[in-house]
Amino acid sequence: MRYRRLGKTGYKVAEIGYGAWGIGKQMWGGGDDAQSLKALHEAVDRGLNFIDTALAYGDGHSERLIGGFLKARPERLYVATKIPPKNFRWPAQGSLDEVFPSRHIVESTHQSLANLGVECIDLLQLHVWDDHWLERDDWFETLSKLKQEGKIAHFGVSVNDHSPESALKLVASQKTATVQVIYNIFDQSPEKDLFPLCRERDVGVIVRVPFDEGALTGAITPETTFPKRDWRNAYFKDDRKEQVQRRVGELGKLLGAEAASLPELALKFCLHHPAVSTVIPGMRRPAHVESNTAVSDQAPLSGQLLDELREHAWEKNFYLD
């Protein structure tokens, strides 16, 4: 496993991290806690030391599962979590008072501390962001006070889906240690403005959705079905599975010596950019952990293949449409 610096936090984190939304179970058609724990143990055994969760994942279930897991591991593991918007609306909608009033930030932090069973959260993130909130300082002052009290070590934000430009003013302000952003073969937009600015301001970049919710694994076909309560029923509604299959079919033609599988290609693409600190695929099964973490030990993609992947950018937002 290779490690990278997470911006001004100074943390040396595994370049393949653990995305813990899926183990919250609530929106993923159920799940198996025992299997999730096996996956977490397998990940740490393979050198992974960064876990990203959120208070909203299963109404705290993901945090509590991780909290129990932390007690069983002697290694120094870095855990990032997120404060949900008070109005529970994604992407960011509403005034700062409606979304992140100071009392909500404090109460959510205390709840996450209890769920995780820790005295200090390594990285606390706001789960949505709007650059207009920079006009006020109370959110920043509240987080700074939590840091002074030793409740959190660093704070960052999770950027709105497919909107890397919505956090440019924040990054420029140097009020955040990290940003978490969607970046993958289909959505290459962070490369334009966000990534160069993050490098300039020493802001760590956490890449989420490297597989486009499963599309870039090659597992989504017109015949794919999801459990009744699984949110992906909406994400891949109507003819979207057919669209995905066509696009991924073209990507499959690029597989070969540099990447033997689509997940490998997808992760290597994310890791090629020097602004990226860590990539956090969801990994609910040990087999996924094994294949995903193995990518870190492999040779990077060539410039020629990266140039070919540029042609596969796809402007869409299945979250909103």
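Which exposed residues are carried by the face of H1 turned away from its buried side?

Mentor: The exposed residues on that face of H1 are Lys38 and Asp45. Exposed means over 50% relative accessible area, buried means under 20%, and partly exposed lies in between, with a 1.4 Å probe and protein chains only. The model is predicted, so local features need pLDDT of at least 70 and side-chain atom pairs count only at pLDDT 80 or more, while totals for chains, interfaces and linings use all residues. Residues are numbered from 1 along each chain as its sequence is written, and side-chain values use heavy atoms, with hydrogens and water left out.

Start with the helix itself. H1 covers residues 33-45, 13 residues in total, and spans 18 Å from its first C-alpha to its last, close to the 18 Å expected at 1.5 Å a residue. The expected span is 1.5 Å times one less than the number of residues. Helices (H or I, at least four residues) and strands (E, at least two) are DSSP runs, numbered from the N terminus.

The buried residues of H1 are Ser36, Ala39, Leu40, Ala43 and Val44. They sit on the same side of H1 because they cover an arc of only 130° around the axis; the arc is that of the directions from the helix axis to the C-beta atoms. The cover over these buried residues includes strand S3 (18-19), S4, H2 and helix H11 (286-294).

Both ends of H1 have a local feature. At the start, a side-chain oxygen of aspartate 32 comes to within 2.9 Å of the backbone nitrogen of alanine 34. Just after H1, glycine 47 has a positive phi of about 105°.

Strand S4 (residues 50-52) pairs with S5 in the parallel sense over 3 bridges, where two strands pair if DSSP finds at least two bridges between them. Within that pairing, isoleucine 51 stands opposite valine 79 of S5, and phenylalanine 50 has tyrosine 78 as its bridge partner.

Strand S5 (residues 78-83) is mostly covered, with 6 of its 6 residues buried. Tyr78, Ala80 and Lys82 point one way, Val79, Thr81 and Ile83 point the other way, and all are buried. In a regular strand the side chains alternate between the two faces of the sheet. S5 also runs parallel to strand S6 (residues 123-126), joined by 4 bridges, and lysine 82 stands opposite glutamine 125 there.

These strands are part of an open sheet of 8 strands in the order S3-S4-S5-S6-S7-S8-S9-S10, with parallel pairing. S3 and strand S10 (276-279) are at the edges with a single partner strand each, so one side of each has no neighbour in the sheet.

The loops hold some details too. Proline 91 lies in the loop between S5 and helix H3 (96-99), and the peptide bond joining tryptophan 90 to proline 91 is cis, with omega about -5°. Histidine 162, in the loop between strand S7 (155-158) and helix H6 (168-173), has a positive phi near 55° and is buried at a relative accessible area of 17%. Aspartate 202, in the loop between H7 and S9, likewise has a positive phi near 55°, but at 29% relative accessibility aspartate 202 is partly exposed.

Glutamine 188 is in the loop between strand S8 (178-182) and helix H7 (194-201) and is buried, at 10%. The side chain of glutamine 188 reaches the backbone oxygen of leucine 309 at 3.0 Å and makes a polar contact with the side chain of arginine 310 at 3.3 Å. A polar contact is a pair of N or O atoms within 3.5 Å; within protein, one must be able to donate a hydrogen and the other to accept it, and residues adjacent in sequence count only if both atoms are side-chain atoms. Leaving aside neighbours within four places in sequence, the residues in contact with glutamine 188 (heavy atoms within 4.5 Å) include Tyr183, Phe269 and His312.
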